[in-house]
Amino acid sequence: MRPLLPTTRPWPLFDTAATRRIEVAALAATPDLMARAGHAVAKLALALRRGDGPVWLACGRGNNGGDGRIAADVLAAHGIPTHAALQPPASPPSLVVDALFGIGLNRPLDAASAAVIEAMNACSAPILAVDVPSGLLADTGQPAGTIAGLAADGVAVRATHTLSLLTLKPGLFTGEGRALAGRIWFDHLGVTPAEAPTAWLSAPQALPASLASHHKGSHGQVLVVGGAAGMQGAARLAARAALHAGAGRVYVDLLAPNDGGPADAGQPELMCGSLAECPLAVGVIGCGGGPEIAARLPALLSALPRAVLDADALNAIAASAPLQAAVASRAPGTTVITPHPLEAARLLQITVQAVQQDRLAAAQTLARQLRCTVLLKGSGSVIASPGETPTVISTGGPALGTAGSGDVLAGWLGGWCARHAAMPLHTLACAAAHAHGAAGEVNHVLPAGELIAPMTRLL
Ligand SMILES: NC(=O)C1=CN([C@@H]2O[C@H](COP(=O)(O)OP(=O)(O)OC[C@H]3O[C@@H](n4cnc5c(N)ncnc54)[C@H](OP(=O)(O)O)[C@@H]3O)[C@@H](O)[C@H]2O)[C@@H](O)CC1
Ligand SMILES: [K+]
């Protein structure tokens, strides 16, 4: 057994309803599924245990607790001291096994369950969550919350490790799940699901190499439109990213007066241009666009064959029904929008909390409404397109949470759309978000412009 991430292959994710169906089908052929689960938990527990203290197994009353109880028996058979109870042991544990709730969690926690979770979190020992950290909803990656009257909301186990059993659940990889699950392990218990996944977990995607005969004309053009007064850096970051992603020519149409100056004094390869000069370019529209971008959108949306819409372009679209209709009426497979949760909330006319409550559903709804590919940013970015199984991005980290990081992603994606004109936008959006996330997996502060070099090295 080894940690799931980083992964070199995409993994299917199954929500609770699908996992239940897979479980029922599998139990007919393999009635010892829970024994397998319990043994898998015990095996990982043996490897993760630190010191000689007892292993505390907090087992709930359902099958998640059943996994924990079998693990306790297996550990005891190996001579390991165990403490299977909802109260902590008298002496500090060497490992906590969280087997309180798995995929059966279906409502806010009561005070007693919340107290057990808080006691687990208070231990200094590593915490191994069985299937899902208790308190976290397996489908959405959001805490189930607590019933009214409790002071703390969003109580969930902060696991150092999670062993997902039978299937991988979407909620481990998006929303709060990424932070709460710790290092993720997976045991399929010998079962190969027969049904289509709810979503895919992303892996690095190899893009076609250039032929020796290719030239800058074969590598497409990008037109970045944005950079209103005081925000020109956003457009320039997007343009630099498009250039380094391999676009043959990159033009910048700055919305603030540039007085005949260069598009970007620090990147002489970038050119000034406009829709009139490059009507067949891939548009990267809205980075630092300010309210001025709204007036440009109708012409850009009706002319450009492929477009990446970001930031202020999305705010303008959210505020205008005609612009929404203009996006939705573009040819299928030609538009991608890259909202962060607040921009998605404006587009959907719901709250940010409602977006975050179910990120997969929010991205899919937006993709249906605007008939385009949606790259919903945030912890565990989600890519959804009409008629496609969504993808959850397996890479990323807090280093991406800086100004300009989204501009780099939008520009990079525009660059790839230009260079790989024959590839579907959904595939390119997944690949770009995965590469952007991988470049951001560092433990230090990373100004957005510095994402470009590691993204280039990952090519
Ligand atoms: N079957 C098998 O062979 C295999 C099973 N596997 C394992 O089983 C796990 C799923 O087990 P599970 O369905 O029994 O649900 P589980 O997560 O243990 O919850 C128990 C019950 O708690 C309740 N409840 C819900 N919310 C609540 C709340 N807020 N506060 C209080 N109570 C609450 C709710 O019952 P309710 O009250 O709604 O009747 C729920 O049913 C899965 O994650 C995996 O670990 C795997 O090993 C594969 C093989
Ligand atoms: K659990």
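**Binding-site residues and an open sheet**

Ser134 is found in the loop between strand S5 (127-130) and strand S6 (161-165). The model discussed here is predicted.

Me: Is Ser134 buried or exposed?
Reply: A residue counts as buried if 20 or more other C-beta atoms lie within 10 Å of its own. Ser134 has 30 other C-beta atoms within 10 Å, so Ser134 is buried.

Me: Which residues does UniProt list for "binding site", and why can they be said to gather at one spot?
Reply: The three residues come from an unreviewed UniProt entry. They span 71 residues in sequence, but no two of their C-alpha atoms are more than 9.6 Å apart, so they gather at one spot.

Me: Where does Asp98 lie, and is Asp98 buried or exposed?
Reply: Asp98 lies in strand S4, residues 95-99. Within 10 Å of Asp98 there are 32 other C-beta atoms. The cut-off for a buried residue is 20 or more, so Asp98 is buried.

Me: Which strands stand at the edges of the open sheet?
Reply: Eleven strands form this sheet, in the order S1-S8-S17-S16-S15-S14-S13-S12-S9-S10-S11, with mixed pairing. An edge strand here has a single partner strand, so one side of each is left without a neighbour in the sheet. The edge strands are S1 (11-13) and S11 (271-272).

Me: Which residue in S17 stands opposite Val382?
Reply: Strand S16 (residues 382-384) and strand S17 (residues 391-392) pair in the antiparallel sense over two bridges. Opposite Val382 stands Val392.

How values were computed: Residues are numbered from 1 along each chain as its sequence is written. Chains are lettered from A and ligands numbered from 1 in the order in which they are written. This is a predicted model: local features need pLDDT of at least 70, side-chain atom pairs count only at pLDDT 80 or more; totals for chains, interfaces and linings use all residues. UniProt positions are given in the numbering used here, feature names are shortened, and annotations may be inferred rather than shown by experiment. Helices (H or I, at least four residues) and strands (E, at least two) are DSSP runs, numbered from the N terminus. A residue is buried if 20 or more other C-beta atoms lie within 10 Å of its own, exposed if 12 or fewer, and partly exposed in between; C-beta atoms are placed from the backbone. Two strands pair if DSSP finds at least two bridges between them.
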